Amino acid sequence: MKLKHFLCVLIMLLAGTIFYGQTPTPTATPPPVEDDEVIRVETNLVSVPVSVLDKNGVFIRNLKQLDFQIFENGAKQEIEYFKSVDEPFTVVLMIDRSDSVKPVIDDLKKAAMAFVDQLRPNDRAIGIAFDRKAYILNSKVRDREMLKTAIYNLTTGAGTHLYATVEGIINRIFRGLPGRKALILFTDGQEAWSWDQPKGAKPVQTYQTSIQAAEETGTQVYTIQFDSNFRTDEGDKFMKEIPKKTGGQFFKAEKLKDLSKVFGQIADELRFQYSIGYYPPDPPQKGDRRQIKVIVNQPNSTVRAKSDYVFAR
């Protein structure tokens, strides 16, 4: 049933043209997100993915439920669900193909293909190239050679509609999709939507709604930002805030030749995580935002988990 649902969602995304080695035909613009298009849950279980690293940055495995404590708004919670996660995941690799990427496109393609090589046979991966539109790179989510070939032949295009593209992809692929899911976003953080619109036009998808969509769908977002002449303060903030809100991680691509190492870190983190769940004693209402803190009984360790959540029932 899960695979059937996943394929149905993927077919929706495939409304555009799949391309291999040529400039792609744009897909349809993602539709506006309606106010009632939020995650539907049957219980108030709050699930938190957690990564634990030692002082050398190596992921610590084989921890038990008793090693963890979790707090909501400062109050300790009873852990009702615990799992040491080592299972397949669904990942979307979003690659900026705007004109600002031209100086780094070769390094980016090599690193992205190296990331694909680190995926296991049962992991599901979708490649998305984007500028003003989103273009899907592979129609088969476990066909690594198809995805690598499309990445290898990737070309650059026009300016970036960052927020609309990120939010559209999250809603079309991840909303309602069960299991672990992550989005890896490689871009300079440029938002060029306003450049293409009539003066005074108001965007439907924004900085805030993009982050909200990721939070509501339980999507971990990992951002990799490269330098360009088009960066803005808001874009820099977005690239750091969306992983913080979703339990992902921000990377600064200062040395583009180190991108393969960065992608390797992300693959390891997705593979070696813990999942902790609890039921808040005071059931949240729609729109409630609550603080989360996870403590691990391991000396000299670092815990990475989202710091809050929004209840979107």
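In this predicted model, strand β2 (residues 68–72) pairs with strand β12 (residues 289–296) in the antiparallel sense, and five bridges link the two. Within that pairing, F71 stands opposite K293 in β12.

**Strand β2 and its hairpin**
- β2 is also joined by three bridges to strand β3 (residues 75–77), and these two strands likewise run antiparallel, with Q77 in β3 as the bridge partner of I70.
- Two residues lie between the strands in the hairpin of β2 and β3, where N73 takes a positive phi near 50 degrees.
- Because four of its five residues are buried, meaning under 20% relative accessible area, β2 is largely enclosed by the rest of the structure.

**Nonpolar cores**
- The largest nonpolar core holds 36 residues, of which V91, L93, F115, I151, I184, I224 and I266 touch the most other members.
- Among the elements that give two or more residues to this core are β5 (90–96), α3 (144–152), β8 (181–187) and α7 (259–271), while its largest share, seven residues, comes from α2.
- Apart from neighbours within four places in sequence, I266 is in contact with I184, Y222, I224 and F251.
- A second, separate core of 26 residues includes F130, V166, F174 and A214.

**The chain as a whole**
- The secondary structure comprises seven helices and 14 strands, and 53% of the 313 residues in the chain are buried.
- Of the contacts with a separation of 6 or more, 80% are between residues 24 or more positions apart.
- The chain exposes about 14900 Å², and carbon and sulfur atoms supply 50% of that area.

Note on methods
Residues numbered from 1 in each chain as written. Predicted model: local features only at pLDDT ≥ 70, side-chain atom pairs only at ≥ 80, totals over all residues. Heavy atoms only, no water. Core = buried A, V, L, I, M, F, W, Y, C linked by side-chain atoms within 4.5 Å. Buried < 20%, exposed > 50% of the residue type's maximum accessible area, 1.4 Å probe, protein only. Contact = heavy atoms within 4.5 Å. Areas by Shrake-Rupley, 256 points an atom, 1.4 Å probe, with all protein chains shown as cover. Pairing = 2+ DSSP bridges.
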